[in-house]
Amino acid sequence: MEAIKYLSMTALEAGIDYIRKSPKDNGILKMIARRPMEDEREVIQYGELDLSKGLLGDNWKQRGSKHSGDGSADPEAQITVMNARTIELLAQDEERWPLAGDQLYMYLDLSDDNLPAGTHLAIGSAIIEVTAVPHTGCKKFSARFGVEAMKFVNSPEGKRLHLRGINTRIV
């Protein structure tokens, strides 16, 4: 197995213009990945979104949230979406995309300017709504993509562009 090389901040910043050129509308859903259990990923061709369960087969509801008072799943962070151009840069290999932990990977500008909280996105017959809950990198994200990648997505510009992704809920 080949060792994973993390990108330097210089290399990451060199990719920002490519990310900024993401489509503003009519984005393309590139990948669906569900998490049947912690640290497991399953790439699927089709998924079903359920108002109360999230992406069927995903562990969002069972896993819950450390941010909710009672540990239950946060309905404002039901489905996470990441810009496919960002994960292309960070992962360097499409097989590593699901390691980010998001369910939907789309060629779409996720920035505040393009998709403010409350924006509805149609994906097939489903509608998801962008929520105000921030989506930031965690220790696992840093371990999988490098400390520089974590700093990159959580920089002021990274947060404005939502390089780490966005949280949504099914409506």
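Two strands count as paired if DSSP finds at least two bridges between them; strands (E, at least two residues) and helices (H or I, at least four) are DSSP runs numbered from the N terminus. The model is predicted, so local features need pLDDT of at least 70 and side-chain atom pairs count only at pLDDT 80 or more, while totals for chains, interfaces and linings use all residues. Residues are numbered from 1 along each chain as its sequence is written, and side-chain values use heavy atoms, with hydrogens and water left out.

**View 1. Pairing partners of β1.** Strand β2 (residues 42-44) pairs with β1 in the antiparallel sense over three bridges, and Arg34 stands opposite Glu42 in β2. β1 and β6 are likewise antiparallel, over four bridges; Leu29 has Met106 in β6 as its bridge partner.

View 2. Antiparallel strands β5 (residues 79-83) and β9 (residues 166-170) are joined by three bridges, and Thr80 stands opposite Asn167 in β9.

**View 3. The largest nonpolar core.** Such a core is a set of buried (under 20% relative accessible area, 1.4 Å probe, protein chains only) Ala, Val, Leu, Ile, Met, Phe, Trp, Tyr and Cys residues joined through side-chain atoms within 4.5 Å. Of its 23 residues, those touching the most other members include Ile87, Trp97 and Tyr105. The largest share, five residues, comes from α4.

Terms used: Buried means under 20% relative accessible area, exposed over 50%, partly exposed in between (1.4 Å probe, protein chains only).
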